[in-house]
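Hi,

Here is the structure I said I would pass on. Have a look, and my notes come after it.

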Amino acid sequence: MHEYTRTARVWGLTCPGFPEEVSRARRWTRDILRGSPLAEDAEVIVSELSANAILHTASGREAGSFHLVLAVSSQVVALSVTDGGGAGTAPKVEHWDQEAEHGRGLGMVSAIAHRVVIHDSDGGHTVTAELLTDVRRGGHPC
């Protein structure tokens with residue numbers, strides 16, 4: 001990606017709910033953020049949020065899908081994943097045992113991102129993670 005622009009740019013991608021689509025979502029994110037110091041963190045976040053959508057919601061069922069939105073401005077890179085709903089409960093950040101095989105994804109996302117926001121709707125949930133362009137991992141100023 002070229003230098004950050006003064007105006008926000010927004011990209012969207014809808015993926016079928018297949019496990020191999022997680023790697024497609026990572027590549028898509030990497031291609032858009034090519035050259036950005038936030039690209040690696042963004043890839044990790046997209047990977048976790050996409051995998052959660054497939055594993056824990058109707059996105060992973062037959063004919064399911066999930067939708068990604070990537071917005072880039074001079075201040076922030078915002079990554080949103082909207083799932084297909086049907087999970088019964090909204091996603092939430094929980095602090096699990098480090099030895100656990102599952103349940104650490106949103107905790108990891110919240111450790112990388114400056115802010116994580118979860119929106120519920122009748123059709124699913126949208127998890128948005130924001131990476132500020134002027135802070136280091138964990139929300140600390142440069």
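Below is what I found, going from the overall fold down to single residues.

First, the ground rules. This is a predicted model, so local features need pLDDT of at least 70 and side-chain atom pairs count only at pLDDT 80 or more, while totals for chains, interfaces and linings use all residues. Residues are numbered from 1 along each chain as its sequence is written, and side-chain values use heavy atoms, with hydrogens and water left out.

**Overall fold**

The chain has three helices and seven strands. Both kinds of element are DSSP runs numbered from the N terminus: helices are H or I with at least four residues, strands are E with at least two. In sequence order the pattern reads β-α-α-β-β-α-β-β-β-β. Of the 142 residues, 39% are buried, where buried means under 20% relative accessible area, exposed means over 50%, and partly exposed is in between (1.4 Å probe, protein chains only). If you take the contacts with a separation of 6 or more, 64% of them join residues 24 or more positions apart; a contact here means heavy atoms within 4.5 Å.

**The sheet**

Five strands make an open sheet in the order S1-S2-S3-S5-S4, with antiparallel pairing. Two strands count as paired if DSSP finds at least two bridges between them. S1 (9-16) and S4 (115-121) are the edge strands, each pairing on one side only. From one strand to the next, the twist averages 15°. Axes are lines fitted to C-alpha atoms, for helices over the stretch in contact, and the angles run from 0 to 180 degrees between N-to-C directions.

S3 (residues 76-82) and S5 (residues 124-132) are joined by seven bridges in the antiparallel sense, and threonine 82 sits opposite threonine 126 in S5.

Leucine 132 is also in S5. Although 94 residues separate leucine 132 from leucine 38 in sequence, their C-alpha atoms are 8.8 Å apart. Beyond residues up to four places away in sequence, leucine 132 touches Leu38, Gln75, Val76 and His114.

H1 (residues 21-32) lies across S1, S2 (65-72) and S3, and runs at about 165° to S1. H2 (residues 39-56) lies across S2, S3 and S5, at about 15° to S3. From first C-alpha to last, the 18 residues of H2 reach 26 Å, close to the 26 Å expected at 1.5 Å a residue (the expected span being 1.5 Å times one less than the number of residues). The buried residues in H2 include Ala42, Ile45, Val46, Leu49 and Ala53, and also the charged Asp41 and Glu43.

**Salt bridges**

How many salt bridges does a search of the whole structure find? Four, taking a salt bridge as a side-chain nitrogen of Lys or Arg within 4 Å of a carboxyl oxygen of Asp or Glu.

- Arginine 24 and glutamate 21 meet at 2.8 Å, N to O. They are three residues apart in H1, so about one helical turn separates them. Arginine 24 is partly exposed at 32% relative accessible area, whereas glutamate 21 is buried at 11%.
- Glutamate 43 pairs with arginine 30, with the closest N and O atoms 2.9 Å apart. This pair links H2 (glutamate 43) to H1 (arginine 30), 13 residues apart. Glutamate 43 is buried at 15%, and arginine 30 is partly exposed at 34%.
- Arginine 115 and glutamate 130 meet at 2.9 Å, N to O. Arginine 115 is in S4 and glutamate 130 in S5, so the pair ties together parts 15 residues apart in sequence. Arginine 115 is partly exposed at 44%, and glutamate 130 is buried at 17%.

**Serine 59**

Where does serine 59 lie? In the loop between H2 and S2, and it is buried, with a relative accessible area of 0%. A polar atom of its side chain lies 2.7 Å from the backbone oxygen of serine 65, and one lies 2.6 Å from the backbone nitrogen of glycine 84. Leaving aside neighbours within four places in sequence, the residues in contact with serine 59 include Gly17, Ala53, Ile54, Phe66 and Asp83.

Cheers

Conventions: A polar contact is a pair of N or O atoms within 3.5 Å; within protein, one must be able to donate a hydrogen and the other to accept it, and residues adjacent in sequence count only if both atoms are side-chain atoms.
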